[in-house]
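I opened a new page for this chain. My notes below follow the order in which I looked things up.

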Amino acid sequence: MKIYNHIACKLCEYEAKLATYIPQGGNWQNIPDTVHDKRLDSIRTTGGRTTYYGRLRWDKPSYTIATYFNRVPNGCNIHPEQNRILSNREAARLQSFPDDFVFKGSKASQFKQIGNAVPPLLARFVSTLIKPHLQSYNFIDLFAGCGGLSEGFIMNGFNLIAANEIDANIMMTNEFNHSKYAPKENFILGDITKQDVQQHLFDACQDTQIDVIVGGPPCQGFSYAGWRNPNDKRNQLFREFVSVVCHIKPKFFIMENVPGILTMKGGETIKEIIAAFSEVGYHINTPIKLKAEEYGVPQKRRRVFIIGSLDSSVELAKPTPLFSDEVPSLPKCINVKDAIGNFPPLLDGEGEIEADFSFAEKSAYDRLMLKEIDFDEFYKICKCGT
């Protein structure tokens with residue numbers, strides 16, 4: 001079989017040395033006091049997150065895969081055993097992208113694509129909440145990124161009709177992987193605030209009933225990891241999402257974002273978003289805050305989903321976890337060992353865009369990512385292990 005993007009970014013000599021001090025599950029606190037740099041000293045003084053300068057544990061889900069997982073200081077990005085950063089493929093596995101999903105574009109862009117994506121298995125679960133209320137399953141993806149939301153919906157039998165993204169490198173990945181589901185001309189590159197880009201999107205959909213619009217307007221202004229600037233213009237891009245929803249009138253829309261959106265401006269931002277959708281005729285369910293590891297993703301990641309429906313009588317099922325490390329009746333959360341433990345070893349800076357590889361043994365998660373089994377069979381296997 002082929003394995004794609006299994007490349008570990010080369011560490012500088014200093015960061016490679018730092019990594020040697022950090023044991024599995026360790027972090028900046030394990031680095032000797034004799035080692036100094038500006039960032040490290042600042043964290044020691046203020047007490048930084050325990051994920052900084054972190055090495056993953058085999059027996060737990062990973063921490064959030066962020067956009068700069070190619071650096072030691074930026075998070076918990078060090079391989080559990082090997083003295084290197086996660087490869088792009090390993091990070092994609094922890095995000096739940098299947099193995100045939102190929103990342104294109106520059107190295108920097110690939111880090112951004114993987115780190116910013118919605119985990120496909122989390123998106124797959126969200127799609128199950130609305131699927132019982134639909135007779136057909138056509139959807140479009142706005143602010144689509146590399147296609148994590150689309151990938152999850154496709155996993156659950158939804159039909160991608162069109163996608164929009166402003167970044168050419170990122171759209172290259174989306175189109176490469178998803179043009180087998182929709183015509184290439186329906187992968188619309190451009191700024192959704194521009195009238196001609198919106199019109200292109202409307203033209204792509206004009207002969208097709210659109211049942212769902214999904215998307216994740218840029219979240220930097222809402223993010224706890226960012227500046228949380230209420231004046232950030234990116235915080236207003238949700239209005240373009242509303243505009244497209246108003247024009248196309250799908251049965252449902254699903255808007256994804258970070259948990260910080262719920263507390264921005266003391267809760268006024270989420271009220272503003274809900275009011276904007278209500279004004280164009282949508283009933284808004286209480287925003288859903290999900291933990292990715294509870295839905296099959298081998299990663300601790302929190303996301304919020306705002307779901308609206310044209311039919312005010314629709315009552316969505318309450319999300320209940322599928323996996324848990326605390327509830328004995330549920331399968332254990334997928335851990336790092338399950339996700340990447342059978343991958344071929346790499347040295348720091350090694351790897352290839354495409355390589356031949358045969359798994360000596362396979363976890364259930366390996367088989368899911370290889371598309372040997374679907375999610376339902378994967379879950380049955382996991383439940384039998386409880």
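This is a predicted model: local features need pLDDT of at least 70, side-chain atom pairs count only at pLDDT 80 or more; totals for chains, interfaces and linings use all residues.

Residues are numbered from 1 along each chain as its sequence is written, and side-chain values use heavy atoms, with hydrogens and water left out.

**Entry: E15**

E15 sits in helix α1, residues 13–20. I take helices (H or I, at least four residues) and strands (E, at least two) as DSSP runs numbered from the N terminus. Is E15 buried or exposed? E15 is buried, because its relative accessible area is 4%. For contacts I use heavy atoms within 4.5 Å. Beyond the residues up to four places away in sequence, E15 touches R71, V72 and P73.

**Entry: whole chain**

I counted secondary structure next. The protein chain has 13 helices and 12 strands. Its radius of gyration is 21 Å, close to the 21 Å from the globule rule for 386 residues, so the chain is as compact as a globular protein of that length. The radius is taken over C-alpha atoms, and the rule is 2.2 Å times the number of residues to the power 0.38. Along the principal axes, the C-alpha atoms fill a box of roughly 60 × 45 × 45 Å.

Of the 386 residues, 55% are buried. Among contacts with a separation of 6 or more, 68% join residues 24 or more positions apart.

I checked the surface. The protein chain exposes about 17,100 Å², and carbon and sulfur atoms supply 50% of that. These areas come from the Shrake-Rupley method with a 1.4 Å probe; for residues, only the protein chains shown count as cover.

I placed each charge at NZ of Lys, CZ of Arg, CG of Asp or CD of Glu. There are 44 positive and 45 negative side chains, and the centres of the two sets lie 4 Å apart.

**Entry: positive phi**

Y53 has phi near 55 degrees. Y53 is in the loop between α2 (38–46) and β2 (54–55). It counts as buried, because its relative accessibility is 1%.

F143 has a positive phi of about 50 degrees and is not a glycine. F143 lies in the loop between β4 (138–142) and α6 (148–155). F143 is buried too, at 16% relative accessible area.

**Entry: cysteines**

How many disulfides does the rule give? The count is 0, where a disulfide is a pair of cysteine sulfur atoms within 2.5 Å. I looked at C76. Its closest cysteine sulfur is in C333, 16 Å away, so that pair is too far apart for a bond. C76 is buried at 5% relative accessible area, and C146 is buried at 3%.

**Entry: helices**

I went through α4, residues 107–116. Its buried residues include S109, Q110, F111, Q113, I114 and G115. Cover for the buried residues of α4 includes β1 (2–7), α3 (88–94) and α7 (168–178).

In α10 (268–279) I picked I274. I274 is partly exposed, with 26% relative accessible area. Neighbours within four places aside, I274 contacts I284 and P287. From I274 to I307 the C-alpha distance is 9.8 Å, across 33 residues of sequence.

In α12 (364–369) I picked A364. Neighbours within four places aside, A364 contacts I373, F378 and I381. A364 and Y379 are 15 residues apart along the chain, and their C-alpha atoms are separated by 8.7 Å.

**Entry: K318**

My last stop was a loop. K318 lies between β11 (302–309) and α11 (336–340). Is K318 buried or exposed? K318 is exposed, because its relative accessible area is 72%. K318 and F153 are 165 residues apart along the chain, with 19 Å between their C-alpha atoms.

Note on methods: Buried means under 20% relative accessible area, exposed over 50%, partly exposed in between (1.4 Å probe, protein chains only). Lys and Arg count as positive and Asp and Glu as negative; His and the chain ends are not counted.
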